[in-house]
Amino acid sequence: MENYQHNRDQEIDIARVSDRLRGYASRANDYFFDGILFLKRNIIVLAVLFIAGGALGYYFDKGKKVYEQKLIVIPNFKSVDYLYETAELLTSKSQTRDEKFLQGIGIKDPGIFIEMEVEPIVEVYDFIESEKDHERNLQLFRIMAENASVEETLKDMATARNYPQHLVTITTSGKADADEVVNPILAYLNADKYFGEIKQQWQRNLNAEIKAKDSIIAQIDAIINTFNKDARAAGENLVYYNTNTQFNELIKTKAELVEEQGNNMIKKVNYENIIKPSSTMLNIKKKSFTSGKMKYIVPFIFIMLFVFISLFMAYYKKQMNKRKKIAGNE
């Protein structure tokens, strides 16, 4: 008896599930057919919306494009913060449409300038291996890495602003010539009075260092030449095979000085500007998710809005009729 009842209950459950599935299928079929009827009733409107949206989207796609002017720069004389703050200032002037200010710094058509952004070029090894601050930078990196992931530490502005090179991105409305936007901004960055005075002092110090090291190298060369003459006269080996520790150290010192002088000559080139551009890439088309796709996106939006409004109106009418019917029965 119990088995019979159990089997009976299972049959009832299966029947209920089957009825529900048939109900879902029936409703899905009704919705599908309602969609066909909706399409039939509104085919002309939908076609007009599709064509109008496609034409408008095509116009947007062919409209004025946004381009990026990218510069790799070297901020000298501890001017990194100055570079970042100036970028924020120029972006703010663009957003507030301060055309007088932008024209004053040499941008003839302020409307073309949108914004300026700066980000560090992450070169952790150059940062750590700085010739003057190697130990300090290494310790700083270790301390910061203990409290965060290495990736976060590398991108953290406290660390990032110590990198030698930074990427400047100037966004413009339409293509821009270097003389229109890039060069005026660079000229403005390099016209700062305070950093101009600092630049002159750094250049004087660098020239004095180069001159002093050239003098030391000349003195070392004279000593080595004298020793070589004496060594040849005595039939001894050349100086770099000599066991004389003092002269070996002298040669090592000269090699270090020559390397430092090579770095100083590079610095001399970089120290020509407060913000030294090392490379420039103009008119890189800025792409977004919607770039070139508006001809498809706008018709889709128009049709979806029409469908939503139609469904809302149908729902509204249905609910109003229901309430009128209830009020009439009362």
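Student: What are the ground rules here?
Tutor: Residues are numbered from 1 along each chain as its sequence is written, and side-chain values use heavy atoms, with hydrogens and water left out. The model is predicted: local features need pLDDT of at least 70, side-chain atom pairs count only at pLDDT 80 or more, and totals for chains, interfaces and linings use all residues.

Student: How many residues has the largest nonpolar core?
Tutor: It has 30 residues. A nonpolar core is a set of buried Ala, Val, Leu, Ile, Met, Phe, Trp, Tyr and Cys residues joined through side-chain atoms within 4.5 Å. Buried means under 20% relative accessible area (1.4 Å probe, protein chains only).

Student: Which element gives the most to this core?
Tutor: α3, with six residues. Helices (H or I, at least four residues) and strands (E, at least two) are DSSP runs, numbered from the N terminus.

Student: What is the span of α3?
Tutor: Its end C-alpha atoms are 23 Å apart. The 16 residues should span 22 Å, so the two agree. The expected span is 1.5 Å times one less than the number of residues.

Student: Switching to Lys70: buried or exposed?
Tutor: Buried, because its relative accessible area is 18%. Lys70 lies in strand β1.

Student: Which side chains make a polar contact with that of Lys70?
Tutor: The side chain of Glu68 does, at 3.4 Å. The side chain of Thr169 does too, at 3.3 Å. A polar contact is a pair of N or O atoms within 3.5 Å; within protein, one must be able to donate a hydrogen and the other to accept it, and residues adjacent in sequence count only if both atoms are side-chain atoms.

How values were computed: Buried < 20%, exposed > 50% of the residue type's maximum accessible area, 1.4 Å probe, protein only.
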